[in-house]
Amino acid sequence: MKKILFILKQRNIYSDGVYSNVDSGLQNSARFVNDMLVKNKVDSTLVQVVDNNEIDKYCTIHKPDVVIIEAIWVVPSKFEVLKKLHPNITWIIRLHSELPFLANEGVAMEWLKEYVKYDNVFIGSNSIYLIDALSPYLGTNIIYLPNYYKVTSKEAVIKENNYGEINVGIFGAIRPMKNALTQAVAAINYANMNNLKLRLHINTARVEQKGENVLKNLRALFVDTRHELVEHAWLKHSDFVKLVGTMDICLQVSISETYNIVAADVVNQRVPVVTTDEIPFVNSFSSVNSNKNVENIIYTMKFNLRFKTVLTILNKFYLFVNSKRAKMVWMKFINNF
């Protein structure tokens, strides 16, 4: 069986007065897959590196057959060097974004075209839609490598009822593509319609891709209202899951998604969630269509809070099935690639 090495670029953020390594969605995505493979007796390792120059070091240490680079960050010309140093390694650049999000990465198309010029470098993706779109363009088959999430049998916390208020989470990095302002307006309107005080919870330690304007508008939205914007630091995944479990409902209605680890955390905690129809493990009653407008979000919030028990159970079952299929795809890839 092939030896696998996942390589991520280390990311640090300034939170609570110190710089620390980010427990990001990308990191969690790779870690969840790596842990699943190890549990299934695959020789798999995950490492984080500072930059391109550390790749050789970890390849020398672990001697993998396949290296999976998580996201687009390795300069294409680096493979000219790596190919000579490690001629027997197969390299896979694993993408986690649809085209609208990739459009924000200025080097994406340029680098993807350069990667596939090397006969031992392949492109992987967690999205079938992206594979269908880019395979003809790049003139190569993109490998489907989906997300995996370990579904737990119990929730992390037991939620207390806070009468007269509603806690809504719009978690994740602050970026324009996350569509936070639209969701915040929907949450405020829902609270006003039901005579509730809204406590809207967000993360503010990762403000990216001109997200400063988004955060500024979110803060302005709550000025001179009875509602409250609750700003959280970036948390370790185990602590974040506990925070998610205290929410009445979470919103993850992004403009573009492939999987959404935050939504998986919410579903695993059996907290109601509203997502887009791009999320593969959420039932149609918990998702809004491509319009993603305020009225659709409010209606879907109302429906999911009213039928919380059945819809959260259904979502968790869908997440379980999605992960079971993902495991099968990964094991087939490792045994046959």
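Start by selecting residues 180-193, which is helix H7, together with residues 212-221, which is helix H8. This is a predicted model, and in it the two helices pack at an angle of about 15°, their axes 10 Å apart. Angles under 35 degrees count as roughly parallel, so H7 and H8 are roughly parallel to each other. Look at how they pass: H7 goes by H8 in a right-handed crossing. To see who does the touching, show side chains for Ala180, Leu181, Ala184, Val185 and Ile188 on H7, then Val214, Asn217, Leu218 and Leu221 on H8. Sort that contact by residue type and you get eight nonpolar, one polar and no charged.

Next, pick another helix pair: H9, residues 237-244, and H10, which covers 261-268. How far apart are their axes, and at what angle do they pack? The axes are 9 Å apart and the angle is about 60°. That makes H9 oblique to H10. The crossing of H9 past H10 is right-handed.

Arg270, though not a glycine, has a positive phi of about 55°. Is its side of the story buried, exposed or partly exposed? Arg270 counts as partly exposed, because its relative accessibility is 29%.

Now jump to Lys63, which sits in the loop between helix H2 (55-62) and strand E5 (66-70). Lys63 is another non-glycine residue with a positive phi, near 50°. Its relative accessibility is 58%, so Lys63 counts as exposed.

For the last stop, select Asn120, in the loop between helix H5 (108-115) and strand E7 (121-125). Asn120 has a relative accessible area of 9%, and the cut-off for buried is under 20%, so Asn120 is buried. What does Asn120 touch, leaving aside its neighbours within four places in sequence? Show Lys83, Ile89, Thr90 and Trp91: Asn120 is in contact with these.

Definitions and conventions:
Residues numbered from 1 in each chain as written. Predicted model: local features only at pLDDT ≥ 70, side-chain atom pairs only at ≥ 80, totals over all residues. Heavy atoms only, no water. Axes fitted to C-alpha atoms, helices over the stretch in contact; angles between N-to-C directions. Helix = DSSP H or I, 4+ residues; strand = E, 2+ residues; numbered from the N terminus. Parallel < 35°, antiparallel > 145°, perpendicular 65-115°, else oblique. Left-handed = near helix turned anticlockwise from the far one by under 90°. Contact = heavy atoms within 4.5 Å. Nonpolar A, V, L, I, M, F, W, Y, C, P; charged D, E, K, R; others polar. Buried < 20%, exposed > 50% of the residue type's maximum accessible area, 1.4 Å probe, protein only.
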